Number of protein chains: 2
Amino acid sequence: VATLRVRFALNLKGLAYEEIPVDLAHGAQCDPEFLLVNPQGAVPAIAAGGAPPLTQSLAILEYLEESHPRSALLPADLQGRVRVRAISLIFGADNHPVLAPRVVRHLGDALRADGAQRLAWVRHWFRQGLFQGEARLANDPHTSRFCHGDALSFADICLTSHAIVARDFQVEAADLPTVTRIVRMCLEEEAFERALPHRAAGAPA
Amino acid sequence: VATLRVRFALNLKGLAYEEIPVDLAHGAQCDPEFLLVNPQGAVPAIAAGGAPPLTQSLAILEYLEESHPRSALLPADLQGRVRVRAISLIFGADNHPVLAPRVVRHLGDALRADGAQRLAWVRHWFRQGLFQGEARLANDPHTSRFCHGDALSFADICLTSHAIVARDFQVEAADLPTVTRIVRMCLEEEAFERALPHRAAGAPA
């Protein structure tokens with residue numbers, strides 16, 4: 001999900017990139033070679049212009065916005081920016097970290113949660129994110145074609161990356177009309193469609 | 001922890017505020033009256049200048065930085081800003097949301113985790129945050145008196161709020177010299193000391 005956020009943003013900004021897949025299923029994010037890139041052992045990490053690799057997808061979005069202001073992904077006004085960032089954090093802070101692989105692994109290690117319980121956990125927090133997104137976006141006059149007015153923003157990136165992986169986990173969203181509609185609008189954008197996981201380097205066949 | 005982040009930032013910016021405590025232990029964040037303020041039923045939420053209430057502590061920090069640029073809490077350079085935001089997210093995204101009350105409650109509801117297991121969960125993720133913070137900060141030439149050079153930033157706010165609540169939970173940090181030292185330096189600052197939980201409105205005696 002976090003890697004997808006960065007991929008969406010790079011495409012929306014029209015920036016070219018080369019992707020080096022990290023095989024999370026086999027723990028490659030903890031190989032010594034990758035830990036030199038990100039000591040936290042997590043993806044994504046991006047290298048740009050000879051600087052040290054950048055980590056943390058939300059920090060990378062802010063970096064891309066500052067370094068490539070064209071095709072703005074934050075509104076021009078202060079109130080709009082705080083709204084977009086707050087919506088983004090519903091996904092990027094409140095709900096997605098709770099279903100991250102290291103957390104799910106710890107459920108097994110510390111609480112002996114079995115496979116079905118771990119899957120239910122993941123699905124619960126995907127659903128919570130969508131549900132909270134709906135509560136925040138529905139009946140808000142600032143919500144329009146996209147999460148914030150008629151321009152794409154960080155919020156659409158964070159919602160859509162969450163929603164499409166939730167869909168892979170068969171998480172129900174049909175009763176959440178606002179988020180369902182916005183995700184559909186986003187996926188009609190070429191920049192989003194081109195970034196989808198099945199198109200990514202290293203994706204399982 | 002999230003409320004503490006905002007309190008630290010307001011004090012560092014020298015901004016006056018009135019605090020209205022929300023009794024989380026009795027679920028007051030889900031009262032209809034508070035849900036009008038924040039439909040997500042979470043603290044903090046701040047009201048400024050007649051605008052709709054602001055939610056999500058990390059979005060509020062960005063808002064305060066943009067609206068009150070004096071006593072800057074982000075570095076002036078692009079690389080510095082992405083580093084500070086990435087460190088902040090180790091606490092604000094990767095680890096703190098995982099130990100939030102609603103997550104701990106769900107451990108009980110979905111996995112029948114008992115009180116001791118729930119406490120161990122909270123302590124584990126407090127520790128993980130500090131451990132990952134140490135890995136990120138130690139041996140990095142940009143780490144100095146504080147997380148990023150010699151000026152306070154979002155990263156110090158997020159580290160210190162995490163660390164002082166971790167201490168309340170008796171989480172071990174003596175083997176993490178860099179974070180321990182930086183937290184100690186921060187707490188020598190009047191703006192931090194004045195914001196500590198035992199000084200806050202509505203704190204349990």
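Trainee: First one: is A:Arg136 buried or exposed?
Mentor: A:Arg136 is buried, at a relative accessible area of 16%. Buried is under 20% relative accessible area, exposed is over 50%, and partly exposed is in between, using a 1.4 Å probe and protein chains only. One caution before we go on: this is a predicted model, so local features need pLDDT of at least 70 and side-chain atom pairs count only at pLDDT 80 or more, while totals for chains, interfaces and linings use all residues. Residues are numbered from 1 along each chain as its sequence is written, chains are lettered from A and ligands numbered from 1 in the order in which they are written, and side-chain values use heavy atoms, with hydrogens and water left out.

Trainee: Thanks. Which residue does A:Arg136 meet in a salt bridge?
Mentor: Its partner is A:Asp140, at 3.2 Å from N to O. A salt bridge here is a side-chain nitrogen of Lys or Arg within 4 Å of a carboxyl oxygen of Asp or Glu. A:Asp140 is buried too, with a relative accessible area of 15%.

Trainee: How many salt bridges are there over all chains?
Mentor: The count is 20.

Trainee: What does A:Arg7 pair with?
Mentor: A:Arg7 has a salt bridge to A:Glu19, and their closest N and O atoms are 3.0 Å apart. This one links distant parts of the chain: A:Arg7 sits in helix H1 (residues 2–12) of chain A, and A:Glu19, 12 residues apart from it, is in the loop between H1 and helix H2 (32–37). Helices (H or I, at least four residues) and strands (E, at least two) are DSSP runs numbered from the N terminus. A:Arg7 is buried at 11% relative accessible area, whereas A:Glu19 is partly exposed at 27%.

Trainee: And in chain B, how far apart are the closest N and O atoms of B:Arg127 and B:Asp175?
Mentor: They are 2.7 Å apart, and the two residues form a salt bridge. B:Arg127 is in helix H6 (residues 115–137) of chain B and B:Asp175 is in the loop between helix H7 (154–168) and helix H8 (177–187), so the pair ties together parts 48 residues apart in sequence. Both ends are partly exposed: B:Arg127 has a relative accessible area of 21%, and B:Asp175 has 46%.

Trainee: Which residues do salt bridges with shared partners join into one network?
Mentor: A:Glu62, A:Glu66, A:Arg81 and A:Arg85, together with B:Glu62, B:Glu66, B:Arg81 and B:Arg85.

Trainee: Switching to the interface: how much area do chain B and chain A bury between them?
Mentor: About 3900 Å², with 63% of it on carbon and sulfur atoms. Buried area is the accessible area (1.4 Å probe) that two parts lose on being put together, summed over both. B:Gln40, B:Arg102 and B:Leu111 supply 15% of what chain B buries against chain A, more than any other three residues.

Trainee: How many residues are in contact on each side?
Mentor: 42 residues of chain B are in contact with 42 residues of chain A, contact meaning heavy atoms within 4.5 Å.

Trainee: Which parts of chain B supply at least two residues to the side that touches chain A?
Mentor: They include strand E2 (54–55), helix H3 (57–67), helix H4 (78–95) and helix H5 (101–111). H4(B) gives the most, with 12 residues.
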